[in-house]
Amino acid sequence: LQNAELGKRAPRWIRDNEVTMCMKCKEPFNALTRRRHHCRACGHVVCWKCSDYKAHLEYDGNKLNKVCKDCYHVIIGCTDSEEKKKKGILEIESAEVSGNSVICSFLQYMEKSKPWQKAWCVIPKQEALVLYMYGAPQDVKALATIPLLGYAVDDTPRSADLPHSFKLTQSKSVHSFAADNEELKQKWLKVIHLAVKGETPECENELQVNS
């Protein structure tokens with residue numbers, strides 16, 4: 001919602017399973033100390049620390065509701081005096097890049113000998129040579145980024161790998177990915193093969209994958 005509409009209209013609630021961290025302070029959620037709460041003004045999923053504010057919301061008959069710090073300041077008309085800190089490279093919101101991406105989808109990811117884990121992977125149009133990895137599609141901070149330029153692509157899975165997998169290698173760093181099916185794997189490889197050579201795809205729209 002735009003700032004002017006905060007509290008006047010009910011927000012779209014981000015579902016709990018769409019995030020793995022607080023959308024305000026970026027601390028990871030866990031069952032004991034960081035439970036998920038919803039800001040009643042913007043609908044974001046936040047931790048208890050970031051939802052410890054209350055404001056009167058017009059859409060709810062001006063009743064006091066739990067809101068996040070940012071919405072609280074907007075609704076009571078006090079702008080946060082802290083200047084917005086310059087965002088680090090990882091602090092680009094997933095929804096922001098996924099909505100304007102060359103390709104985005106869930107992939108399984110493995111680094112070194114760690115177990116495979118599911119990651120929301122995005123190559124943004126603005127930075128078509130960088131792969132961003134998020135824990136979930138609405139996370140506000142990436143877990144990691146891989147600048148693809150110069151990587152070698154190996155798309156033949158070994159017996160121990162998942163079936164639709166491929167690897168990116170550069171000197172000692174090896175990143176393994178696996179798609180849910182061969183079609184999705186080929187879509188990713190099409191973009192990655194260009195990116196490792198410093199090229200960007202022309203037909204971005206064909207590559208939107210929202211699975």
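Visitor: Which residue in E11 does Met 110 stand opposite?

Guide: Met 110 stands opposite Ser 176 in E11. Keep in mind that this is a predicted model.

Visitor: How do the strands E5 and E11 run, and how many bridges join them?

Guide: Strand E5, residues 101-111, and strand E11, residues 173-178, run antiparallel and are joined by 4 bridges.

Visitor: What is the strand order in the sheet?

Guide: The order is E8-E7-E6-E5-E11-E10-E9, an open sheet of 7 strands with antiparallel pairing. Strand E8 (144-147) and strand E9 (152-154) are the edge strands, each pairing on one side only. On average, neighbouring strands of this sheet are turned by 35° against each other, direction ignored.

Visitor: Back up a bit. How many helices and strands does the protein have?

Guide: There are 3 helices and 11 strands. Starting at the N terminus, the elements run β-β-β-β-α-α-β-β-β-β-β-β-β-α.

Visitor: Back to the sheet. How many bridges are there between E5 and E6?

Guide: E5 and E6 pair over 8 bridges, in the antiparallel sense.

Visitor: Why is E6 described as largely enclosed by the rest of the structure?

Guide: Because 6 of the 8 residues of E6 are buried.

Visitor: What about the other end of the sheet? How many bridges join E9 to E10, and how many join E10 to E11?

Guide: E9 and E10 have 3 bridges, and E10 and E11 have 6. Both pairs run antiparallel. Lys 167 in E10 is the bridge partner of Asp 154, and Lys 167 also stands opposite Ser 176 in E11. In the hairpin of E10 and E11, with 2 residues between the strands, Ser 171 takes a positive phi near 40°.

Visitor: Which strands does helix H3 lie across?

Guide: H3, residues 182-195, lies across E5, strand E6 (117-124), strand E7 (130-134), E9 and strand E10 (165-170). The helix runs at about 105° to E5.

Visitor: What does Phe 177 touch?

Guide: Leaving out residues up to four places away in sequence, its contacts include Leu 107, Tyr 109, Trp 116, Cys 121, Leu 131, Met 133, Ile 146 and Phe 166. His 164 and Ser 165 are also among the residues Phe 177 touches.

Visitor: Where is Leu 148, and is it buried or exposed?

Guide: Leu 148 lies in the loop between E8 and E9. Its relative accessible area is 0%, so Leu 148 is buried. Beyond its neighbours within four places in sequence, Leu 148 contacts Ile 123, Leu 129, Val 130, Leu 131, Leu 168, Ile 192, Ala 195 and Val 196.

Visitor: New topic, charges. Which side chain of opposite charge is nearest to Glu 18?

Guide: That is Arg 12, 4.1 Å away. Glu 18 is buried yet has no salt bridge; the cut-off for one is 4 Å. Glu 18 sits in the segment before strand E1 (37-38). Not counting residues up to four places away in sequence, Glu 18 touches Arg 12, Ala 136, Pro 137, Gln 138 and Asp 139.

Visitor: Last one. What percentage of the residues in the protein is buried?

Guide: Buried residues make up 39% of the 211. Among contacts between residues at least 6 apart in sequence, 48% join residues at least 24 apart.

Conventions:
Residues numbered from 1 in each chain as written. Predicted model: local features only at pLDDT ≥ 70, side-chain atom pairs only at ≥ 80, totals over all residues. Heavy atoms only, no water. Pairing = 2+ DSSP bridges. Axes fitted to C-alpha atoms, helices over the stretch in contact; angles between N-to-C directions. Contact = heavy atoms within 4.5 Å. Buried < 20%, exposed > 50% of the residue type's maximum accessible area, 1.4 Å probe, protein only. Lys, Arg positive; Asp, Glu negative; His and termini not counted.
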